[in-house]
Amino acid sequence: EAADVVLVRSNLHDVVVTLHLSRTVFNRIKVNFVWALGYNLFALPFAAGLFYPWTEWRIPPAFAGLMMAFSSVSVVTSSLLLRAYAKPIIDDDGTIDEQGC
């Protein structure tokens, strides 16, 4: 059988750290999703030429491609912030003190 989490040491604090890390990762996924959705909802009408009848302004295909690349790079950069993750400090009474990111 396989497990979702394997404890290498016999320290149950690692379970709490694992749950904290998974919550942090899932929150980052939600932030990335909201950012990408908002960015694309804002940029897509410009790229499709929806505002051309009123502004007579078109986006060249190269610029639209650059905007897509910027969207991807910003999501990847946001995900790289997970490298700053710091394990929470677990007190003797079981409370968790957040530190760092």
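Leucine 81 is partly exposed, with a relative accessible area of 46%. Partly exposed lies between two cut-offs: buried is under 20% relative accessible area and exposed is over 50%, with a 1.4 Å probe and protein chains only. The structure is a predicted model, in which local features need pLDDT of at least 70, side-chain atom pairs count only at pLDDT 80 or more, and totals for chains, interfaces and linings use all residues. Residues are numbered from 1 along each chain as its sequence is written, and side-chain values use heavy atoms, leaving out hydrogens and water.

The chain holds 3 helices and 2 strands. Both kinds of element are DSSP runs, numbered from the N terminus: helices are H or I with at least four residues, and strands are E with at least two. Read from the N terminus, the order is α-α-α-β-β. Helix 1 covers residues 13-48. Helix 2 (52-55) and helix 3 (61-80) have a loop between them. Another loop lies between helix 3 and strand 1 (89-90), and leucine 81 is found there. From leucine 81 to glycine 49 the sequence separation is 32 residues, and the distance in space is 34 Å, C-alpha to C-alpha.

The overall dimensions come next. The radius of gyration of the chain is 21 Å, whereas a compact globule of 101 residues would have a value near 13 Å. This radius is taken over C-alpha atoms, and the globule rule is 2.2 Å times the number of residues to the power 0.38. Along its principal axes, the C-alpha trace spans about 65 × 35 × 15 Å. Of the 101 residues, 20% count as buried. The accessible surface comes to about 8100 Å², and carbon and sulfur atoms account for 67% of this area. Accessible areas come from the Shrake-Rupley method with a 1.4 Å probe; for residues, only the protein chains shown count as cover.

Contacts were also counted along the chain. A contact means heavy atoms within 4.5 Å. Among contacts between residues at least 6 apart in sequence, 58% join residues at least 24 apart.

A search of the whole structure finds 1 salt bridge, defined as a side-chain nitrogen of Lys or Arg within 4 Å of a carboxyl oxygen of Asp or Glu. The side chains of arginine 9 and aspartate 14 meet in a salt bridge, at 3.2 Å from N to O. Aspartate 14 belongs to helix 1. This residue counts as buried, because its relative accessibility is 13%. Leaving aside residues up to four places away in sequence, aspartate 14 touches Leu7 and Arg9.

Two further residues of helix 1 were followed. Valine 15 has its place in this helix. With 32% relative accessibility, valine 15 counts as partly exposed. Alanine 47 counts as partly exposed at 42% relative accessibility. Not counting residues up to four places away in sequence, alanine 47 touches Ile59 and Ala64. Alanine 47 and glycine 65 are 18 residues apart along the chain, and their C-alpha atoms are separated by 9.3 Å.

Glutamate 56 concerns the backbone. Its phi is near 50 degrees, a positive value in a residue other than glycine. Glutamate 56 lies in the loop between helix 2 and helix 3. This residue is exposed, with a relative accessible area of 64%.
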